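Trainee: Could you take me through one part of this model closely, and then show me how it fits with its surroundings? I'd like to start with a single helix.

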Amino acid sequence: GNTASAGSLSLALNKQYLTDDQKKTLNDSITKAAQEYIEEEEKQGYGIPYKYDGPGYTDPNNLDESIVIDGYEWGSNSMVINNLMVMAYAYDMTGDDTYMNGVLTGMNYLLGNNPLSFSYVTGYGTYKEKNPHHRYWSYELDKTLPMAPDGVLSGGPNAGLQDPYVR
């Protein structure tokens with residue numbers, strides 16, 4: 001939903017363009033965020049660095065605007081994997097195993113240690129994602145289109161009903 005973090009991570013790969021003060025500010029920002037994600041992982045039953053605890057949100061593209069959804073957002077796994085990437089950067093910058101262990105804990109969730117015992121990654125695990133929602137990989141709807149290749153991350157669970165035709 002925003003690009004500030006992507007910009008910071010891009011800068012972290014190109015520190016030759018930064019002053020020493022800018023490098024320190026960037027490193028401090030990334031490790032602070034990573035530490036907050038570690039703390040959230042430790043609070044969550046399945047060890048993910050994500051929790052939706054906002055005032056609720058609406059989905060005006062799919063639902064009446066008066067419907068407020070509480071809980072995981074549509075595409076919640078994108079928040080999980082993005083937060084894991086920040087922890088991986090923090091590990092690369094500090095060498096602190098805490099961050100890499102946090103990445104592994106979150107990956108365990110994505111790969112099947114979750115309430116469904118289901119891997120959200122195509123091609124990985126006994127019970128795994130097979131047909132993620134995608135306009136191109138829509139083999140289940142049209143056999144002339146391809147199946148998703150191995151390694152595709154599904155959007156994951158969400159609290160809202162995005163398909164108004166399924167009740």
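Trainee: Which residues of α4 are buried?

Mentor: Happy to. One thing before we start: this is a predicted model, in which local features need pLDDT of at least 70 and side-chain atom pairs count only at pLDDT 80 or more, while totals for chains, interfaces and linings use all residues. Residues are numbered from 1 along each chain as its sequence is written, and side-chain values use heavy atoms, with hydrogens and water left out.

The buried residues of α4 are Tyr 99, Gly 102, Val 103, Gly 106, Tyr 109 and Leu 110. Seen down the helix axis, they fall within an arc of 115°, so they line one face of α4; the arc is taken from the directions from the axis to the C-beta atoms. Buried here means under 20% relative accessible area, exposed means over 50%, and partly exposed lies in between (1.4 Å probe, protein chains only).

That face packs against α2 (20-43) and α3 (76-94), where contact means heavy atoms within 4.5 Å. Helices are DSSP runs of H or I with at least four residues, strands are runs of E with at least two, and both are numbered from the N terminus.

The length of α4 also makes sense: its 14 residues (97-110) should span 20 Å at 1.5 Å a residue, and the end C-alpha atoms are 20 Å apart, which agrees. The expected span is 1.5 Å times one less than the number of residues. Just after α4, Gly 112 has a positive phi of about 135°.

Met 87 touches Tyr 99, Gly 102 and Val 103, and its other contacts beyond four places in sequence include Ala 34, Tyr 37 and Ile 38. Met 87 is also among the residues that touch the most other members of the largest nonpolar core, along with Ile 30, Ala 34, Val 80 and Val 86; that core has 25 residues. Helices α1, α2, α3 and α4 are the elements that give two or more residues to this core, and α3 supplies the largest share, 6 residues. A nonpolar core is a set of buried Ala, Val, Leu, Ile, Met, Phe, Trp, Tyr and Cys residues joined through side-chain atoms within 4.5 Å.

Ile 30 leads us to α1 (residues 4-12), which holds Ser 8: beyond four places in sequence, Ser 8 is in contact with Leu 26 and Ile 30. Ser 8 counts as partly exposed at 24% relative accessibility.

Lys 24 and Asp 28 pair at 2.6 Å, and Glu 36 and Lys 32 at 2.8 Å. Glu 36 and Lys 32 both lie in α2, 4 residues apart, about one turn of the helix. Lys 32 is exposed at 53%, whereas Glu 36 is partly exposed at 41%.

Conventions:
A salt bridge is a side-chain nitrogen of Lys or Arg within 4 Å of a carboxyl oxygen of Asp or Glu.
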